Amino acid sequence: MESLNLIELQQRVSQLRLEGKYKETIEACFILQEKGYAANDYKSILTALINKAAAYYNIGEIEEAFHCMDKHLEYCVDHGDAADQLNGYNILFLLHEHNKDYIKAKSTLQKAMKLGLSLGKYNIVSNAYSNYSSVLATEELFEEALIHAKKGLEMAKKQEPRTPILEFRVKLNLANAYIGLNDMAQASSLVDALRLDPILDSFIREKTQVADLYGRYLIKEKRYMEAYDALTIAKELAESYQDKNLLKGILEKRCSICELMEDVHLGFKAQKDYIAILDDLRQQEITMTAMRLEVKHDLAGMERRANQDYLTGLYNRSYIETTANEMLEKAYITGEKISCIALDLDNLKGLNDTYGHMFGDEVIKEVAHACQKLIRSGDLMGRFGGDEFAIILNDITMEQTRKKAEQLMEAVSELTIMKNGNLIPVTVSLGVADNHDGQVTSFTALFHEADIALYQAKRGGKNRIHMIQ
């Protein structure tokens with residue numbers, strides 16, 4: 001493995017994790033991370049951290065997983081792209097799921113679905129729908145769980161090249177939803193197909209999950225002894241690769257089966273196994289990890305970083321859109337005035353062509369920081385994409401918005417940006433629109449109007465403001 005180059009190593013760690021080889025994944029990630037540091041290759045570092053976090057999480061090493069998650073989000077702010085940000089959402093989902101904060105878990109998955117679709121990352125979108133189905137099943141919302149599992153399978157089939165394990169994982173949640181709905185005919189057909197799938201020879205975690213799923217199916221069918229045997233197989237598989245969190249759930253089900261059968265002797269043995277895993281979990285203090293890490297690693301800060309644009313540190317497009325929609329929906333009821341400023345750098349392409357894209361990125365950052373200083377605490381400013389920014393102003397008239405736009409334009413024009421000993425002049429064009437006293441209820445519609453106004457400002461000669469009244 002030492003002879004592999006960075007791109008090959010990135011592919012290697014991702015494949016190992018996909019195959020459920022978590023120990024090998026972690027070892028490969030350490031090599032990739034070390035090589036990434038040596039080469040100053042942030043993509044390799046980010047890839048190593050995300051895969052190491054997932055591998056640690058899957059073997060129950062929660063604190064190590066969260067540490068890697070925190071480092072990934074930290075690096076993502078300065079060095080990540082939209083794909084890395086998407087991985088950050090998946091990280092936050094794991095955090096919220098572990099903390100049993102299902103509202104935040106689902107909200108994070110919704111962001112992952114939206115961003116994943118925009119990037120054409122159907123594998124990640126499929127996983128998001130699958131995880132959403134799992135959360136809904138935990139909440140016993142099986143109808144919704146079935147809908148999301150079916151959507152996950154649809155997304156998995158769009159992935160090119162086709163990835164059988166991706167579809168297999170969604171089908172696990174599909175079968176789980178059918179069991180929850182007592183649709184035993186559909187559940188039986190799907191569970192049987194999953195149990196006979198040769199893919200299980202290569203994926204031990206999924207093999208464990210299938211045995212667990214089969215146990216749940218048999219419990220529903222009241223075939224309790226068969227269910228106990230199936231869960232015992234699941235137990236042995238989970239023990240073989242030290243998946244302690246999955247093991248705990250399996251042992252809980254074995255205990256409940258013994259109660260249903262009123263088998264005291266078997267129940268005593270099942271309880272002993274269950275107590276042993278609880279003792280193990282207590283010794284590692286995994287049950288307290290989430291609470292400790294909420295302080296130690298600043299979960300709120302981690303979530304904030306996932307909502308940041310990696311280049312400027314401003315809010316990203318996804319956060320702006322979600323939050324602006326909430327503001328506009330509220331304004332529809334209250335009639336509150338909300339304005340939007342679309343701001344775009346003038347002649348950035350010329351600067352990139354003359355001085356290079358790194359310099360262009362520095363200009364974008366300088367403009368972002370200059371404008372951010374003029375934004376009130378209750379307002380929003382984010383990077384919409386490229387060199388275009390969206391600014392949402394709360395409780396403000398169009399005349400006040402015009403003055404704010406003038407201040408922004410002046411702040412940019414006063415920037416001192418030097419290159420090769422020369423002062424580089426920078427200007428912006430701005431488009432302004434409002435929510436028409438609450439009648440515009442979505443960010444997409446509001447920003448579209450501001451963007452049209454911005455286009456008019458550009459056509460009018462740039463370095464100016466155009467307003468839609």
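**A close look at one serine**

Analyst: Let's take Ser126, which is buried because its relative accessible area is 0%, where buried means under 20%, exposed over 50% and partly exposed in between (1.4 Å probe, protein chains only). Before going on, a caveat: this is a predicted model, so local features need pLDDT of at least 70 and side-chain atom pairs count only at pLDDT 80 or more, while totals for chains, interfaces and linings use all residues. Residues are numbered from 1 along each chain as its sequence is written, and side-chain values use heavy atoms, with hydrogens and water left out.

Ser126 belongs to helix α7, residues 122-138. Helices (H or I, at least four residues) and strands (E, at least two) are DSSP runs here, numbered from the N terminus. A polar atom of the Ser126 side chain is 2.9 Å from the backbone oxygen of Gly152. That's a polar contact: a pair of N or O atoms within 3.5 Å, where within protein one must be able to donate a hydrogen and the other to accept it, and residues adjacent in sequence count only if both atoms are side-chain atoms. Skip the neighbours within four places in sequence, and Ser126 is in contact with Gly152, Met155, Ala156, Leu166 and Val170; contact means heavy atoms within 4.5 Å.

Now for the nonpolar packing. In soluble globular proteins, nonpolar side chains tend to be buried together. A nonpolar core is a set of buried Ala, Val, Leu, Ile, Met, Phe, Trp, Tyr and Cys residues joined through side-chain atoms within 4.5 Å. The largest one in this model has 85 residues, and the members touching the most others are Met69, Phe168 and Leu194. Helix α9 (residues 164-180) is its top contributor, giving 10 residues. There's also a second, separate core of 33 residues, with Leu345, Ala368, Val412 and Val426 among them. Back at Phe168, its contacts beyond four places in sequence are Leu194, Asp197, Ile199, Leu200, Glu206 and Val210, so charged partners turn up too, given that Asp, Glu, Lys and Arg count as charged, Ala, Val, Leu, Ile, Met, Phe, Trp, Tyr, Cys and Pro as nonpolar, and the others, Gly among them, as polar.

The loop between α8 (142-158) and α9 holds Pro161. A cis peptide bond links Glu160 to Pro161, with omega about -5°. Another backbone feature to flag is Lys222, a non-glycine with a positive phi of about 65°. Lys222 sits in the loop between α11 (204-220) and α12 (224-240), and counts as exposed because its relative accessibility is 61%. Asp437 has a positive phi as well, about 55°, again without being a glycine. Its place is the loop between β6 (428-434) and α21, where Asp437 counts as partly exposed at 44% relative accessibility.

That brings us to α21 itself. Helix α17 (residues 317-334) packs against helix α21 (residues 443-459) at about 100°, axes 9 Å apart. So α17 is roughly perpendicular to α21. Axes are lines fitted to C-alpha atoms, for helices over the stretch in contact, and angles run from 0 to 180 degrees between N-to-C directions; under 35 degrees counts as roughly parallel, over 145 as roughly antiparallel, 65 to 115 as roughly perpendicular and the rest as oblique. On the α17 side you'll find Ile320, Glu321, Ala324, Asn325 and Leu328, meeting Phe443, Thr444 and Leu446 of α21. Sorted by class, that's five nonpolar, two polar and one charged residues.

Asp309 is buried at 7% relative accessible area, and apart from neighbours within four places, it is in contact with Val77, Leu314, Tyr315, Asn316 and Arg383.

Of the contacts between residues at least 6 apart in sequence, 65% join residues at least 24 apart.
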